[in-house]
2 protein chains.
Amino acid sequence: MKLFTLGPVEMYDRTFEIAKKQVPYFRTPEFSEVVLECERLLKKLAGAREDDKVVFLTCSGTGAMEATVLNCFGENDKLLVIDGGSFGHRFAQICEIHGVEHDVIKVPYGKALTREQVWEHDGKGYTGLLVNIDETSTGQLYDINMLSEFCKRNGMLFVVDAISSFLADPIDMKAHGIDALIFSSQKSLALAPGLSIVILSGRMYTERVEGKKAKTMYFDFNSHIENGKRGQTPFTPAVRLIYELQDMLRYVDEMGLEAKLAHMKKVAEDFRSRLDGTGLTLPDYPLSNAVTPLYFPDGNAYEVYETLKKEYDVFVTPNGGDLAKTVIRVGHLGNHTVEDNIMLIELFKKVLDK
Amino acid sequence: MKLFTLGPVEMYDRTFEIAKKQVPYFRTPEFSEVVLECERLLKKLAGAREDDKVVFLTCSGTGAMEATVLNCFGENDKLLVIDGGSFGHRFAQICEIHGVEHDVIKVPYGKALTREQVWEHDGKGYTGLLVNIDETSTGQLYDINMLSEFCKRNGMLFVVDAISSFLADPIDMKAHGIDALIFSSQKSLALAPGLSIVILSGRMYTERVEGKKAKTMYFDFNSHIENGKRGQTPFTPAVRLIYELQDMLRYVDEMGLEAKLAHMKKVAEDFRSRLDGTGLTLPDYPLSNAVTPLYFPDGNAYEVYETLKKEYDVFVTPNGGDLAKTVIRVGHLGNHTVEDNIMLIELFKKVLDK
């Protein structure tokens, strides 16, 4: 089996070495040390500032998105949401559910988000911006520098869901002025699903979280941050995933963030460079190193997904709805090399030749 | 290492065989089959009715408790909460946070919940009762037949958090008229933490959930139940845990529920029968098969916990707060036999003799 999916992704053998062991009891100083080491390494890899806060949540990425809105925004806010696919749209739905005023910037399918679209909202009293920096449903990587500049000039809080982009594309909380960074275990960290992380800026914490009562017990950032001081969580965490996270963060840290990102870039660009002769094409908008969306002019995308799955035990990521026939996404996250690209391109040629 | 803790607990080798494998892509008919089999076996083991609904949540037990209150109750309710320890108290706090009117029945530490305490609230317009049927912080097993009778005569919805009691004590959704049953992966199922399950009665679903909009996206039971029809979840689930769950449910089902409960009862009673000569004593209230709370008359409970941990790599469950010095809890959940009891009792004698 080989996964070119977007979570779970192809895992590393070192993770299985941890997963196959008894999960320890966790209300101990030893486990606290593991959590605190994860916190330190996550802050380093995310370019976080010293007073930034790390929250470990046992939930999917959507849970972490909702937790962030619930804890950080309320009835006095007016937010801007980049809605260029199903994940951006989800941020808008979350604001809707919790009665947080918001406007959306719709990015039409196949088009890049432009500076003009964003600047139209300049000076209009928005208090925060919510974006899935790699809109995983389309693979579009939005311009983080442009969005960062816009937030800074408007004094807005900048919330970046980097679920598929963290450790795949360059993201730096300090340099980009990010106030909440969200990601999950099953993407570039290549662990099993079930753990999500939110890193809050010192500003977000002091202005929006500290001393406030959020309308949630499970997702209450204050109790997480309070327990986090001693390396614990208010409720039983995904203990096994936290041990796997410690190991993966050590691995990435030893490799170095630059080397990790360079590898991701190499694999993604290598894959895209091999498409000649397949008949498959790329979109025009900027792409994340996490995923390559491929256009199938003959409308046989879903059939190709199924053939790869059934005949070769190789999984690419199908699309739903209108795009099911014309687009599949090839994930590059996790344990991937150029050799995997060569294999997959060969399979595409074989299957499309049939 | 040997765990007599209350989650994570001592796991089975068969679980490690699954945990050490690549986590598969899950938006497939094959994974749907796994989820649907889990649903079928869970309903069977819980004594659920055919139209009961199973919700798989990626969260801790507290998340599932909060999700149940959020989806099933609101401003027209008046709930009764059994508060006999930190978990019962948590239900009251959740009602507080979400503005659900409620009264608590306080069970003083060391005392059994009485029929009189409950019947005082008879005929007073309560719409539901929330209970942690084994209050895990004290090990008290409340009388489910008595609470069930009270709910039936008052037409109340009966919410049973059976987090440590499911597959340890007899619980039958139909016989006990349970409207929501809550439990998690890291207790008697002996899996890693990170997956919680809520089973709703047909009545709870049609009266309280169907067609209603809960103020939550992540915990919205309607979207879970809708996706559940095809064996899927609205958001990325704890895929690895669901494979482990399938395996564990098959194991328990092959053994038979009666045999599983008889084994749990045997291990718990055997442990309690061996305390003579240790100087340790049991509380007077009824106990769950999940856990034995032990009273240390010399006030050295926490020291014993630490000695067992440091010198023998054996973990019992310490208490916090006022009870830290006088009480520890010995968990029997997971892969335990009478031999483990003999070993632990020997260690107690050795350590207490020092």
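# Briefing on a predicted two-chain model

A:Asp313 is partly exposed, with a relative accessible area of 35%. This residue belongs to a predicted model, in which chain B and chain A bury about 4,200 Å² between them.

**The interface between the chains**

- The contact draws 56 residues from chain B and 56 residues from chain A, and of the area that the two chains bury, 65% lies on carbon and sulfur atoms.
- On the side of chain B, the residues that lose the most area to chain A are B:Gln22, B:Tyr25 and B:Met217, which together account for 18% of what that side buries.
- Between chain B and chain A the count is 4 salt bridges; one of them pairs B:Glu244 with A:Arg240, whose closest N and O atoms are 2.8 Å apart.
- Polar contacts also cross the interface, where 16 residue pairs are found with both residues at pLDDT 80 or more.
- Several elements of chain B give two or more residues to the side that touches chain A, among them helix H1 (13-19), helix H2 (29-45), helix H3 (61-72), helix H9 (239-255) and strand E13 (317-318).

- Beyond its neighbours within four places in sequence, A:Thr62 is in contact with A:Arg90 and A:Ile94 of chain A, and with B:Met217, B:Tyr218 and B:Phe235 of chain B.

**Nonpolar cores**

- In soluble globular proteins, nonpolar side chains tend to be buried together.
- The largest nonpolar core here has 135 residues, and the members that touch the most others are A:Leu147, A:Leu181, B:Leu147 and B:Leu181.
- Leaving out residues up to four places away in sequence, B:Leu147 touches B:Ile82, B:Leu113, B:Val118, B:Leu129, B:Val131, B:Ile133, B:Tyr142 and B:Phe158.
- Another core, of 64 residues, lies apart from the largest one, and its members include A:Met65, A:Val81, B:Ala67 and B:Ile182.

**An enclosed helix in chain A**

- Helix H8 (residues 221-228) of chain A is largely enclosed by the rest of the structure, because 7 of its 8 residues are buried.
- Those buried residues are A:Phe221, A:Asn222, A:Ser223, A:His224, A:Ile225, A:Asn227 and A:Gly228.
- The elements of chain A against which the buried residues of H8 pack are helix H2 (29-45), strand E2 (53-57), H3, strand E10 (196-200) and helix H7 (202-209).

**A buried aspartate in a loop**

- A:Asp77 lies in the loop between H3 and strand E3 (79-83) of chain A, and its relative accessible area of 4% places it among buried residues.
- Not counting residues up to four places away in sequence, A:Asp77 touches A:Cys72, A:Val100, A:Glu101, A:Thr127 and A:Arg208.
- Two of these neighbours are reached by side-chain polar contacts, with A:Asp77 meeting the side chain of A:Thr127 at 2.7 Å and the side chain of A:Arg208 at 2.8 Å.
- From A:Asp77 to A:Gly211 the separation is 134 residues in sequence and 18 Å in space, taken from C-alpha to C-alpha.

**Backbone geometry**

- In chain A, a cis peptide bond with omega of about -5° joins A:Gly7 and A:Pro8, and A:Pro8 lies in the loop between strand E1 (2-4) and helix H1 (13-19).
- In chain B, the peptide bond from B:Gly7 to B:Pro8 is cis, with omega near -5°, and B:Pro8 is found in the loop between strand E1 (2-3) and H1.
- A:Asp313, in the loop between helix H11 (301-312) and strand E12 (314-318) of chain A, is a residue other than glycine with a positive phi, near 55°.
- B:Ala190 likewise has a positive phi, near 60°; this alanine is found in the loop between strand E9 (180-184) and strand E10 (196-200) of chain B, and at 0% relative accessibility it counts as buried.

Terms used
Residues are numbered from 1 along each chain as its sequence is written. Chains are lettered from A and ligands numbered from 1 in the order in which they are written. This is a predicted model: local features need pLDDT of at least 70, side-chain atom pairs count only at pLDDT 80 or more; totals for chains, interfaces and linings use all residues. Side-chain values use heavy atoms; hydrogens and water are left out. Contact means heavy atoms within 4.5 Å. Buried area is the accessible area (1.4 Å probe) that two parts lose on being put together, summed over both. A salt bridge is a side-chain nitrogen of Lys or Arg within 4 Å of a carboxyl oxygen of Asp or Glu. A polar contact is a pair of N or O atoms within 3.5 Å; within protein, one must be able to donate a hydrogen and the other to accept it, and residues adjacent in sequence count only if both atoms are side-chain atoms. Helices (H or I, at least four residues) and strands (E, at least two) are DSSP runs, numbered from the N terminus. A nonpolar core is a set of buried Ala, Val, Leu, Ile, Met, Phe, Trp, Tyr and Cys residues joined through side-chain atoms within 4.5 Å. Buried means under 20% relative accessible area, exposed over 50%, partly exposed in between (1.4 Å probe, protein chains only).
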